[in-house]
Amino acid sequence: MSNRRKPIETGLTSSVVYPSGLFSLEKDEVYPYERFAYNVLDVGVHGLHVRDLPESITIDFTRLLPGCSPWSINASASVEWAPDGQPLSYHISTPEFTPSMLYMFSAVVTAQLFDDEACDVFRDDPESLGRRIQHFVDGASAGVRAYRDKGIAHAIRAGYETLGLRILDMQNCADDFDMLSKQIAYHEVGHAYIKQFMRDREWTPLQCRAYELMADLVGTEWLYNGMVRNTPDSDEYREFRGLDTYADTIFANAIMSMRAQQANLILAAIAGAQRKQGQLSLAGGETHPPGLQRYQLQHIHLYTLIASNFSKVLSKGQLSAIERDWGDKMDILVRSGVLPLDDLEDSLDLSHCDTINVAADLIVEQNVPELQKVAPFLRETRKHLAHVLQSRKP
Ligand SMILES: [Zn+2]
């Protein structure tokens with residue numbers, strides 16, 4: 001009996017617009033683009049169908065996004081309208097150099113941070129994490145200079161050469177990159193899925209921020225489904241992973257998913273640095289909540305899904321090992337200064353609490369299937385936070 005996912009046929013039409021220079025490059029240089037596009041379609045095919053939305057997606061790596069350079073760490077979702085005012089198709093775009101930069105980040109920073117032995121360096125000398133991030137930035141900057149002179153293919157090549165990346169490195173960082181790009185791709189598809197695009201509605205900045213939280217949480221749910229819930233309980237899969245039991249595979253995939261969220265958090269701080277003259281930052285903006293608030297809600301949601309659905313599969317020891325691994329990495333992030341303390345304070349500002357309630361309201365209003373159970377949790381969290389923050393006031 002096959003243990004594979006059941007194939008589904010849908011009417012989705014899709015197109016991917018690659019920068020043409022890509023086709024003169026090698027496998028590991030093209031991989032980030034192919035995989036990012038795959039990750040959009042992986043959830044897009046099913047998601048748009050479930051929500052009765054037009055099953056048409058274009059993934060475009062060549063468009064210049066408003067207010068972004070071709071090397072901004074960013075992605076965006078937009079909709080094309082039919083003359084009758086209904087959505088016709090969705091566009092998911094990233095700046096041209098972004099997927100490649102995410103790959104370099106995974107190869108240079110997270111492959112080491114999430115390697116159980118190599119990570120000791122950061123534990124003993126937290127500041128070395130900052131230097132590792134700087135090394136990644138140097139590679140990306142070499143790419144940016146080449147981009148300005150000669151275009152995207154030379155940018156990618158220059159970045160890889162500066163960082164000494166070889167095709168062999170793919171085996172160490174392909175999964176990290178995949179998990180990172182999944183979160184970004186899922187978030188963007190999530191914007192369509194939660195029905196944020198409505199022609200006759202203007203959203204306030206507060207509602208826009210709430211939609212960001214919702215897209216995050218839908219993305220978290222998909223990450224959990226793909227990485228943890230749908231872990232095959234088969235000898236074939238265990239052999240593939242080199243693990244003995246079903247519990248071991250769930251444990252390994254749970255750790256990978258939690259780490260992937262931490263990778264995304266570091267990346268958000270670097271994206272903040274691109275906007276803030278080089279200073280790592282998780283500050284929010286008018287339409288985006290602070291990075292730490294976003295991370296905390298996604299982390300709690302993922303951990304709750306794992307702990308509540310797999311409490312009988314995972315041993316107590318495994319559950320606490322998952323928590324320990326998380327705490328160990330957070331400790332490194334805080335001690336290294338990668339999580340700016342000012343932003344930690346900022347995310348605890350009472351003014352951000354309202355976003356959480358608005359998100360809960362919109363989840364109900366837009367009838368987002370996966371998140372119905374999350375709405376009461378969000379309201380509880382908001383109440384609890386408000387209570388704690390009030391009592392902190394002098
Ligand atoms: Zn978004």
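## The sheet and core of a predicted model

Strands β1 and β2 run parallel and are joined by five bridges. This description rests on a predicted model. One of the residue pairs here links Ser 14 to Ile 57, its bridge partner in β2.

Strands of a sheet pair through backbone hydrogen bonds, in either a parallel or an antiparallel sense. In this model, four strands make up an open sheet with mixed pairing, and their order is β1-β2-β4-β3. Strands β1 (13–17) and β3 (76–81) form the edges, each pairing on one side only. On average, neighbouring strands of this sheet are turned by 20° against each other, direction ignored.

Strand β2 (residues 56–60) also pairs with β4 (residues 87–93), in the parallel sense, over four bridges. The table lists bridge partners that involve residues of β2.

| Residue | Bridge partner | Strand of the partner |
|---|---|---|
| Ser 14 | Ile 57 | β2 |
| Ile 59 | Ile 92 | β4 |
| Asp 60 | Ser 93 | β4 |

Helix α6 (residues 170–193) lies across β3 and β4 and runs at about 35° to β3.

The largest nonpolar core contains 98 residues, and those with the most contacts inside it are Met 104, Met 214, Val 218 and Ala 359. Helix α7 (residues 205–229) contributes the largest share of this core, 12 residues. Why does the core lie between domain 1 and domain 2? It does so because domain 1 (13–201) and domain 2 (202–394) both give residues to it. Leaving aside residues up to four places away in sequence, Met 104 touches Phe 136, Gly 139, Ala 140, Gly 159, Leu 163 and Leu 165.

Thr 204 is found in the loop between α6 and α7. This residue is exposed, because it has 10 other C-beta atoms within 10 Å, and a residue counts as exposed at 12 or fewer. Thr 204 and Glu 286 are 82 residues apart in sequence, while their C-alpha atoms are 9.7 Å apart in space.

Technical notes:
Residues numbered from 1 in each chain as written. Predicted model: local features only at pLDDT ≥ 70, side-chain atom pairs only at ≥ 80, totals over all residues. Pairing = 2+ DSSP bridges. Helix = DSSP H or I, 4+ residues; strand = E, 2+ residues; numbered from the N terminus. Axes fitted to C-alpha atoms, helices over the stretch in contact; angles between N-to-C directions. Contact = placed C-beta atoms within 7 Å. Core = buried A, V, L, I, M, F, W, Y, C linked by C-beta atoms within 7 Å. Buried ≥ 20, exposed ≤ 12 C-beta atoms within 10 Å, placed from the backbone. Domains from an automatic or database assignment.
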